[in-house]
Amino acid sequence: MNELAPISREDRVEKLKGLGHSRKRVEDVRFTQGKGNYVDDLKLPSMLYGDFVRSPYAHARVTSIDKSAALALPGVVAVLTAEDLAPLNLHWMPTLAGDKQMVLADGKVLFQGQEVAFVVANDRYVAADAVDLVVVEYEELPVVTDPFKALEPDAPVLREDLAGQTSGAHGERRHHNHIFLWEVGDKQATEEVIASAEVVAEEMVYYHRTHPCPLETCGCVASMDAVNGKLTIHGTFQAPHVVRTVASLLSGIEEHKIRVISPDIGGGFGNKVGVYPGYVCAIVASIVTGKPVKWIEDRMENLTATAFARDYWMKGRIAATKDGRITALSCHVTADHGAFDACADPTKFPAGFFSIVTGSYDIPVAYVGVDGVYTNKAPGGVAYRCSFRVTEAAYLIERMIEVLAIELGMDAAEVRAKNFIRKDQFPYQSALGWEYDSGDYHTAWNKALKAVGYEDLRREQAERVEAFKRGETRKLIGIGLTHFTEIVGAGPVKNCDILGMGMFDSCEIRIHPTGSAIARLGTISQGQGHATTFAQILASEIGLPADSITIEEGDTDTAPYGLGTYGSRSTPVAGAATAMAGRKIRAKAQMIAAYLLEVHDGDLEWDVDRFVVKGAPERFKTMAEIAYASYNQAIPGLEPGLEAVSYYDPPNMTYPFGAYVCVMEIDVDTGVADIRQFYALDDCGTRINPMIIEGQVHGGLTEAFAIAMGQEIAYDEIGNVKNATLMDFFLPTAWETPHYVTDFTETPSPHHPIGAKGVGESPNVGGVPAFSNAVHDAFRVFGLKQAHMPHDHWRIWKIAHDLGLHG
Amino acid sequence: MKKMQLTLTVNGEAHELLAEPRELLIHVLREKLNLTGPHIGCETSHCGACTVDMNGRSVKSCTVFAAQANGAAITTIEGLGSPGALHPLQEAFREHHGLQCGFCTPGMITRAHRLLQENPNPSEEDIRFGMAGNLCRCTGYQNIVKAILAAAAEMNAVKEAAE
């Protein structure tokens with residue numbers, strides 16, 4: 001190998017397709033040919049199909065369930081109700097948030113679409129027929145869908161199972177529909193500063209309930225092999241290892257007898273983090289029938305029953321000096337958690353990382369209080385393409401900055417720049433207890449403002465307002481600004497766990513004798529391109545081409561334990577584990593190279609894909625040569641083979657940030673908002689694959705566009721879901737989706753092995769306030785301070801109407 | 001329920017099969033013919049993940065009865081390109097990062113294939129309008145549009161060279 005004509009160092013780097021390379025995705029060859037392998041594609045011999053009888057009522061007593069007609073239908077194998085699950089103690093299950101949740105209605109139902117009975121049949125059409133034949137009698141109860149009304153003294157009691165319990169998993173419950181009060185910061189000091197402040201801005205900001213709505217719904221195939229006593233569950237799981245542990249704890253089946261497989265997943269966005277009744281029922285049905293049971297929810301079930309997001313009523317108060325220096329922030333949230341507290345947050349954080357609410361600003365004192373409340377709505381509270389409750393926090397602070405700017409009579413861009421945490425303040429201790437790892441906000445901000453021609457935009461906007469007042473146009477311009485800071489990469493085991501499992505992640509690498517490799521991780525891709533990017537991290541660490549490295553995830557029998565993929569944690573945690581495992585490989589490789597080259601290992605240095613004798617560049621061993629030697633030579637003091645495993649417990653979270661500007665043209669008479677320009681600058685630390693980063697930003701911004709401009713899960717007063725199909729639930733098409741311009745700065749994380757911070761969720765976190773601020777900004781000169789999302793055409797029209805702009 | 005005898009020509013191959021009158025084309029394709037490329041995303045014609053080509057038109061196979069397809073010629077994603085020779089659209093989606101989770105991709109490419117036959121020289125606006133029946137939750141469409149423009153150019157160049 002050494003005799004070949006030497007190739008340049010540059011060419012060797014290029015050949016690896018490592019960090020920074022816009023490597024094409026290895027996943028795409030199968031996906032573009034329709035050869036993906038999603039859970040509903042799986043067909044096992046004798047497989048049965050499960051389907052749910054669901055409640056049409058939001059709050060009712062179940063007085064009787066008659067399954068005789070359903071059972072009489074040919075092809076129906078079983079109909080399960082809570083009564084059938086009770087002997088197994090599976091009629092209820094624990095939630096990720098320390099509460100419990102009914103698997104099947106136990107005496108009453110608490111939200112529309114709640115699972116009442118599970119029908120199992122030999123055909124999906126027969127199962128659907130049988131659902132209609134199950135006769136359930138209900139006695140309606142008063143419904144509460146407003147969290148404020150739920151806390152009134154005479155509000156109906158929703159959770160009768162909690163009667164008399166004055167404390168829950170997160171402390172005291174002060175009312176029968178109250179779940180917890182979670183507090184962070186110095187309340188008294190914050191109040192003192194606000195009381196004596198020169199300027200105070202106050203606003204109630206509602207971040208409405210919505211839904212992640214991945215294109216593939218949730219589902220699974222549970223298969224109990226009675227001969228071997230092994231349960232295999234294929235499913236749409238963003239955290240397969242956690243599902244295995246939960247399945248073991250619930251079923252009593254030993255964990256080594258359970259295999260959980262996440263095949264290709266058709267988008268997750270948080271929807272596929274939770275454990276749902278469908279999974280439990282499919283498992284029970286498979287154990288009972290001895291046959292594989294498939295359960296796939298339809299779109300209406302997905303939108304009404306699994307995993308809503310947001311639904312935070314946020315009362316913000318921000319204090320400042322007259323010249324615009326922020327002195328305090330206070331925030332109280334009334335959090336609507338629905339019927340069961342099934343939020344997917346690290347155990348000790350019932351409101352997630354909402355306390356990142358001080359955002360990008362150096363705020364000396366702050367307080368956050370979050371009251372969790374039960375209502376007759378679906379449970380969930382997942383992080384929809386954001387870290388835990390981070391988008392809510394970013395939305396609140398970015399709205400409060402705008403409101404404060406109005407109060408101060410200052411430009412909102414200037415208020416931000418004046419209060420940014422300065423570059424020299426990192427690592428920065430926030431008033432609410434976080435240690436921000438790195439940032440250079442002023443550089444990013446100035447770059448963004450310059451890129452969009454901010455001064456000119458403001459001038460054009462002012463001219464447009466004058467023309468509007470003169471009656472020459474009916475369109476206004478809105479300029480939406482946002483500078484967000486995320487907190488991702490959960491998280492350090494000392495304070496982050498899910499059901500007791502520390503939130504580390506893992507990577508196991510095997511180098512094959514001929515210089516290729518396989519690496520397995522505890523995470524699972526849902527479109528993020530892990531098979532492409534994790535191979536790039538490894539290529540740069542161990543000097544084998546990314547094309548020669550297979551990445552595998554999602555099979556708990558083969559992959560090392562990990563907490564899965566959500567909250568932008570894959571790159572910060574599993575990516576770090578990958579780099580660290582790679583370094584272990586390299587450390588052993590160095591010893592082998594030293595033996596082969598007959599030098600002291602300290603006399604070697606790493607160079608792209610090889611160890612070179614210092615000062616003698618012609619003497620080297622490539623990683624491929626070393627790999628071969630590790631399997632065919634007896635090297636004194638070293639075991640054969642070249643493998644490594646790393647479990648990475650991150651020392652801190654990572655703090656990606658970004659500066660976004662949205663320019664809108666709003667038709668005052670129709671409420672139609674055209675996005676004229678959207679500029680997104682993201683700083684996610686070290687950039688692994690710029691092509692994939694850009695794709696993530698486009699996708700996240702489009703979800704933000706949807707959420708800000710029309711997407712919601714709304715309920716009427718008796719608890720009917722008003723947006724239960726894609727007819728009513730806004731998913732933007734190519735036609736209305738804006739065009740984006742992406743940009744970046746690169747401020748590596750000092751504590752991450754390769755400096756990467758994660759990017760998948762930043763555009764959703766930063767995008768929502770950018771779109772919403774643009775709508776607000778268009779009407780600012782006419783006196784608008786706060787209007788709730790989503791800003792659909794009707795609501796924008798209503799803003800204009802209420803401001804008297806329709807004459 | 002009494003079954004009907006149907007004849008479908010799928011990706012050039014004739015199939016005789018029995019299906020209930022209420023059975024949806026997507027279920028016949030996926031479960032009887034094992035063509036799992038087209039997916040089910042909504043069952044209400046909104047998302048387009050189930051898009052296939054039926055007698056030269058794009059249809060959403062989740063809201064077509066198999067019986068309506070009796071005698072029809074159907075093309076699914078499996079009928080475009082092959083592992084060794086990707087269709088220019090498949091190649092362009094890969095080249096321009098026009099997909100992420102891959103769930104919408106078969107329907108998206110099948111629809112784009114028909115769109116380029118309806119309009120071989122589409123503008124960006126034509127593509128955004130012509131693809132509006134297919135939802136994608138991952139990409140924000142920007143790279144899908146780019147991929148279709150690139151595929152159109154490639155296909156036109158090949159056609160020109162052949163003429």
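Reply: Here is a short tour by question and answer. The model is predicted, so local features need pLDDT of at least 70 and side-chain atom pairs count only at pLDDT 80 or more, while totals for chains, interfaces and linings use all residues. Residues are numbered from 1 along each chain as its sequence is written, and chains are lettered from A and ligands numbered from 1 in the order in which they are written.

Me: Staying with chain B, how is it divided?
Reply: Into domain 1 (4-79) and domain 2 (88-162). Those bounds come from an automatic or database domain assignment. The C-alpha centres of the two domains lie 22 Å apart.

Me: How many residues of each domain are in contact?
Reply: 15 residues of domain 1 of chain B touch eleven residues of domain 2 of chain B. On the domain 1 side, strand 3 (residues 51-54) of chain B gives the most, with three residues. That side has six nonpolar, eight polar and one charged.

Me: What does strand 1 of chain B pair with?
Reply: Strand 1 (residues 4-10) of chain B runs antiparallel to strand 2 (residues 13-19) of chain B, joined by seven bridges. Strands pair if DSSP finds at least two bridges between them. B:Met4 has B:Ala19 as its bridge partner. Two residues sit between the strands of this hairpin, and B:Asn11 there takes a positive phi near 50 degrees.

Me: Where is B:Asn34?
Reply: In the loop between helix 1 (25-32) and strand 3 of chain B. B:Asn34 has a positive phi of about 55 degrees although it is not a glycine.

Me: Switching to chain A. What's the strand order in the seven-stranded sheet?
Reply: The order is 3-7-1-16-13-14-15, in an open sheet with mixed pairing. Strand 3 (76-80) and strand 15 (258-261) of chain A are at the edges with a single partner strand each, so one side of each has no neighbour in the sheet. The twist averages 20 degrees from one strand to the next.

Me: How do strand 1 and strand 7 of chain A pair?
Reply: Strand 1 (residues 48-54) and strand 7 (residues 115-121) of chain A are antiparallel, over six bridges. A:Tyr49 stands opposite A:Ala121. Helix 5 (residues 124-133) of chain A packs on the sheet, touching strand 1, strand 3 and strand 7 of chain A, and its direction makes about 25 degrees with that of strand 1.

Me: What does UniProt place at residues 33-142 of chain A?
Reply: An unreviewed entry there has the feature "domain: Aldehyde oxidase/xanthine dehydrogenase a/b hammerhead". UniProt positions are given in the numbering used here, feature names are shortened, and annotations may be inferred rather than shown by experiment. In the model, residues 33-142 of chain A are 17% helix and 36% strand, with the end C-alpha atoms 52 Å apart.

Me: Last one. At what angle do helix 16 and helix 17 of chain A pack?
Reply: Helix 16 (residues 570-597) and helix 17 (residues 623-632) of chain A pack at about 85 degrees, with their axes 10 Å apart. Axes are lines fitted to C-alpha atoms, for helices over the stretch in contact, and angles run from 0 to 180 degrees between N-to-C directions. That makes helix 16 of chain A roughly perpendicular to helix 17 of chain A. Angles under 35 degrees count as roughly parallel, over 145 as roughly antiparallel, 65 to 115 as roughly perpendicular and the rest as oblique.

Technical notes. Helix = DSSP H or I, 4+ residues; strand = E, 2+ residues; numbered from the N terminus. Contact = placed C-beta atoms within 7 Å. Nonpolar A, V, L, I, M, F, W, Y, C, P; charged D, E, K, R; others polar.
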